[in-house]
Amino acid sequence: MSNAMLELILEATLDTLYMVALSGVISALVGIPLGVLLYVTRPRQVMAHPLLNRSLGIITNIGRSIPFIILMVAIIPFTRMLVGTSIGTNAAAVPLTIAAIPFVARLVEGALNEIPPGLVEAAQSMGATPWQVITKVLLPEARGGIFTALTVTAVTLVSYSAMAGAVGGGGLGDLGIRYGYNRFNPTVMLITVVVLIVMVQGFQSLGDYLVRKSDHK
Amino acid sequence: MIRLRTVSKTYGSGPSAVTALNNVDLHVPKGQIHGVIGLSGAGKSTLIRCVNLLERPTQGVVSVDGQELTGLSGTALNQARHRIGMIFQHFNLLTNRTVFRNVALPLELMGMPRGEIRDRVDPLLKMVGLDDKTDQYPAQLSGGQKQRVAIARALASRPKVLLCDEATSALDPQTTGSILALLRDINRQLGLTILLITHEMEVVKSICHCVSLISAGALVEEADVGDFFTAPRTKLGRRFLNDFLELEPPRALIERLEASPGEHSHPVVRLAFSGDAVSTPLISRLARECGVDVSILQAKVESIQDRTLGLMIAELMGPAEKTREAIEYLEDHNLNVEVLGHVQRDA
């Protein structure tokens with residue numbers, strides 16, 4: 001294998017990591033609060049608001065039901081408006097983030113749902129405000145579940161980013177398709193897959209470690 | 001200290017509405033330990049949650065320490081809740097906080113500075129006997145220790161009132177005893193008013209001064225604990241007491257019991273006596289003075305806090321008018337007599 005090829009693989013790996021990191025961080029920043037909002041606005045919760053809850057739920061479900069490959073092309077005008085182009089890693093990060101936000105939100109909502117309701121009740125009996133319930137009880141108690149959610153999201157983003165690569169996003173998926181598939185180069189295909197496997201394993205191990213460190217259940 | 005006036009709580013509306021509390025009046029004076037006992041589904045949980053408005057009553061007034069809580073909301077209600085501690089059946093400790101930080105939680109919520117929090121929490125952990133577990137997490141503690149942490153946490157904001165929601169129901173009998181002893185100490189040392197709900201007579205017997213009986217969302221009986229154990233006034237009260245004391249006539253006899261007296265039948269009575277009557281030889285006097293023989297089927301003596309309570313199931317043997325006299329004689333001597341039925345004697 002030529003040096004040029006190795007450089008290409010390295011570059012593609014960094015591109016993939018960049019897309020996953022960028023969309024992962026933004027989707028966490030938006031998705032976690034959205035997940036909290038989905039949970040606390042439920043009936044009988046600290047900020048119960050049925051109408052808001054139902055509206056957010058519908059929006060989230062719409063976001064989750066659009067196949068990623070369609071979302072990607074459908075929002076090209078929006079992507080162009082945001083980053084000026086529809087090609088490249090930054091452009092790919094836009095649909096990745098949009099797809100990941102509702103994903104994170106639902107997973108976070110699920111993690112919060114695991115907290116025994118008695119804990120919230122106890123905090124309320126001590127005179128906690130809804131904001132204090134969120135910051136002192138819900139988020140710290142769901143820490144492990146939230147790390148699990150973010151790990152699943154990161155792994156999903158790795159595979160989605162490969163799809164994004166196919167439509168000009170760059171990264172390992174792009175490399176695999178162009179060199180491995182279109183040019184019949186099984187070695188490149190194999191290396192691409194191996195790098196992706198290692199990457200996923202890495203994310204999973206890091207996630208497991210954070211869950212272990214943060215949770216005292 | 002705690003006062004509920006005509007408090008009702010209904011869930012839902014229209015034909016599917018469920019009434020959990022129905023016109024409840026309750027008054028717990030300062031320094032008293034008041035128990036509310038009832039079967040599951042009777043409305044105990046709703047009742048205790050109405051005191052700190054975790055459940056808002058549909059109707060009625062709740063006041064604690066002279067302050068009407070039902071009129072409050074938002075910040076004012078949260079501030080009022082700082083003066084009401086609460087502990088729970090399942091402890092409800094935060095799993096990702098150490099023992100210290102769990103006890104510190106209510107103080108953090110009040111916005112107390114860190115240094116002051118430490119000065120407040122350390123003595124509390126000492127008082128509940130957990131000053132060596134400060135940095136452990138709840139998962140490393142036993143049930144009894146968890147409840148001790150919860151008690152320390154409930155006392156951190158120096159409340160006037162402590163609400164106990166089935167606080168010992170998840171604990172084994174021995175641990176229950178030590179938690180109850182701790183609650184009794186707190187009541188005596190701090191003069192804390194305690195309202196507790198339970199389905200265990202043992203809890204009522206060992207620490208309550210006063211007891212209310214709840215059934216289908218209504219308080220059906222309220223009595224001083226000594227009086228309740230001697231002579232419950234309602235059928236439900238008697239059922240709780242008999243189940244607790246395991247004082248029932250032998251099975252073979254129950255089958256032969258008849259509601260009304262026959263020609264050759266003898267009454268079977270349940271006698272409860274306390275105070276002086278315990279040490280008076282009433283049974284032998286009964287034989288002498290009324291000419292009635294007494295066959296004791298079951299008997300036991302219970303200590304209810306500082307009172308001694310004697311209980312007996314006996315068959316009074318003699319002619320009908322003699323046994324009637326005997327019952328009057330016993331009642332004159334301050335015994336609580338309940339005729340359970342009559343057994344036919346083969347001539």
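**Exercise 1.** Find which residue of strand 13 of chain B is the bridge partner of Val268(B), and then describe the strands around strand 11 of chain B.

*Solution.* In strand 13 of chain B, Glu315(B) is the bridge partner of Val268(B). Residues are numbered from 1 along each chain as its sequence is written, while chains are lettered from A and ligands numbered from 1 in the order in which they are written. The model is predicted, and local features need pLDDT of at least 70, side-chain atom pairs count only at pLDDT 80 or more, and totals for chains, interfaces and linings use all residues.

Next, take the strands themselves, where strands (E, at least two residues) and helices (H or I, at least four residues) are DSSP runs numbered from the N terminus. Strand 13 (residues 307-317) of chain B runs antiparallel to strand 11 of chain B, and 7 bridges join them; two strands pair if DSSP finds at least two bridges between them. Strand 11 of chain B also pairs with strand 14 (residues 336-344) of chain B, in the antiparallel sense and over 8 bridges, and in strand 14 of chain B the residue opposite Val268(B) is Gly341(B).

Finally, consider burial: a residue is buried if 20 or more other C-beta atoms, placed from the backbone, lie within 10 Å of its own, exposed if 12 or fewer, and partly exposed in between. Because 9 of the 10 residues of strand 11 (residues 265-274) of chain B are buried, this strand is largely enclosed by the rest of the structure.

**Exercise 2.** Describe the make-up of chain A and its contacts with chain B.

*Solution.* Chain A has 10 helices and 0 strands, and buried residues make up 43% of its 217 residues. Along its principal axes, the C-alpha trace of chain A spans about 70 × 40 × 25 Å.

For the contacts, two residues count if their C-beta atoms, placed from the backbone, lie within 7 Å. On this basis 19 residues of chain B are in contact with 19 residues of chain A. Helix 3 of chain B gives the largest share of the side of chain B that touches chain A, namely 4 residues.

**Exercise 3.** Identify the residues with the most contacts inside the largest nonpolar core.

*Solution.* A nonpolar core is a set of buried Ala, Val, Leu, Ile, Met, Phe, Trp, Tyr and Cys residues joined through C-beta atoms within 7 Å. The largest has 152 residues, and those with the most contacts inside it are Leu96(A), Val104(A), Val108(A), Val103(B), Leu163(B) and Leu195(B). Helix 5 (residues 89-113) of chain A supplies the largest share of this core, 16 residues.
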